[in-house]
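Student: Could we go through this structure together, beginning with the strands?

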Amino acid sequence: MEIVIANKAHSVYADIICKTIEEAAQVRGTGIAKRKPEYILTKLENGNAVIALDGNEFAGFCYIESWGHGKFVANSGLIVRPDYRNIGLAKQIKKVIFKHSRSKFPNAKIFSITTGLAVMKLNSDLGYKPVTFSELTDDPSFWNGCQTCKNYDILTRTERKMCMCTGMLFDPKNNNKTASKEVKESVFRKLKNIKENLFLKKSKI
């Protein structure tokens, strides 16, 4: 297994990356913003992504987005193909994209919004901490990207203050020294349950 910084040679994987992201959203029943192959191509060709390959077989992927003129960076689209799950590949990809982000954007705050409990734990292990959406980028282009998510109505209903996703932030200025690296997944599970009870029940009324 090889995890590398993407380049133009990996453009042939754009379609399967998009398909894998879409299929994961359907299986999980959670909000994952869809991406078109053309968008993924720009990430691959500009070196703003990492890709995991088993020989020539696509195994996993994650990309970088820059917002607010480089003040904020997001690691998005983390995905692992079903045949390569449960072997720690997502954690390896996350570490590589995080290191690449810090190298390419050393002064940027790195953030993530996700409904995935495993991703929340991975973020926590890297030094991210949960924050309110107001501490993330206010770039409308980022939030417009949520329109393809099934939970977008919740985001608009709350005037972009909260959603099913949890916002997490790594600030290089303090290196998040106060952030706990022993946060248990049960803590994030409780947070997710609270949001489901708060937002999903309201939507059914």
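Tutor: Two strands pair if DSSP finds at least two bridges between them. Helices (H or I, at least four residues) and strands (E, at least two) are DSSP runs, numbered from the N terminus. This is a predicted model, in which local features need pLDDT of at least 70 and side-chain atom pairs count only at pLDDT 80 or more, while totals for chains, interfaces and linings use all residues. Residues are numbered from 1 along each chain as its sequence is written, and side-chain values use heavy atoms, with hydrogens and water left out.

Student: In which sense do strands β1 and β2 pair?

Tutor: Strand β1 (residues 2–5) pairs with β2 in the antiparallel sense, over four bridges. Within this pairing, Val-4 stands opposite Ile-51 of β2.

Student: And how many bridges join β2 to β3?

Tutor: Six bridges join them, and β2 and strand β3 (residues 57–67) run antiparallel. Val-50 has Cys-62 in β3 as its bridge partner. The hairpin of β2 and β3 has two residues between the strands, and Gly-55 there takes a positive phi near 70°.

Student: Is β2 largely enclosed or exposed?

Tutor: Five of the six residues of strand β2 (residues 49–54) are buried, so the strand is largely enclosed by the rest of the structure. Buried means under 20% relative accessible area, exposed over 50%, and partly exposed in between (1.4 Å probe, protein chains only).

Student: Let us turn to aromatics. How many aromatic pairs does a search of the whole structure find?

Tutor: The search finds 11 aromatic pairs. Rings of Phe, Tyr and Trp (its six-membered ring) pair if their centres lie within 6.5 Å; planes under 30 degrees apart count as stacked, over 60 as edge-to-face and the rest as tilted. In one of the pairs, the ring centres of Tyr-13 and Phe-58 are 6.4 Å apart and the planes stand at 35°, so this pair is tilted.

Student: Why does the pair of Tyr-13 and Phe-58 tie together parts that are apart in sequence?

Tutor: Tyr-13 lies in the loop between β1 and α1 (14–28) and Phe-58 in strand β3, so the pair ties together parts 45 residues apart in sequence. Both Tyr-13 and Phe-58 are buried.

Student: What about Phe-133 and Trp-143?

Tutor: Phe-133 and Trp-143 form a tilted aromatic pair, 5.2 Å centre to centre with 40° between the planes. Phe-133 is in the loop between β6 (129–131) and α5 (140–144), and Trp-143 is in helix α5, 10 residues apart. Phe-133 is buried, with a relative accessible area of 6%, and Trp-143 counts as buried at 3% relative accessibility.

Student: Which residues do ring pairs link into a cluster?

Tutor: The cluster links Trp-67, Phe-72, Phe-111, Phe-133, Phe-142 and Trp-143.

Student: Changing topic: which residues of helix α2 are buried?

Tutor: In helix α2 (residues 37–45), the buried residues are Ile-40, Lys-43 and Leu-44. Seen down the axis of α2, they fall within an arc of 100°, so they line one face of the helix. The arc is that of the directions from the helix axis to the C-beta atoms.

Student: What is the phi of His-69?

Tutor: His-69 has a phi near 55°, a positive value in a residue other than glycine. Most residues other than glycine have a negative phi. His-69 lies in the loop between β3 and β4 (72–80) and counts as exposed at 87% relative accessibility.

Student: And that of Asn-86?

Tutor: The phi of Asn-86 is positive, near 65°. Asn-86 is in the loop between β4 and α3 (89–104), and Asn-86 is exposed, with a relative accessible area of 83%.
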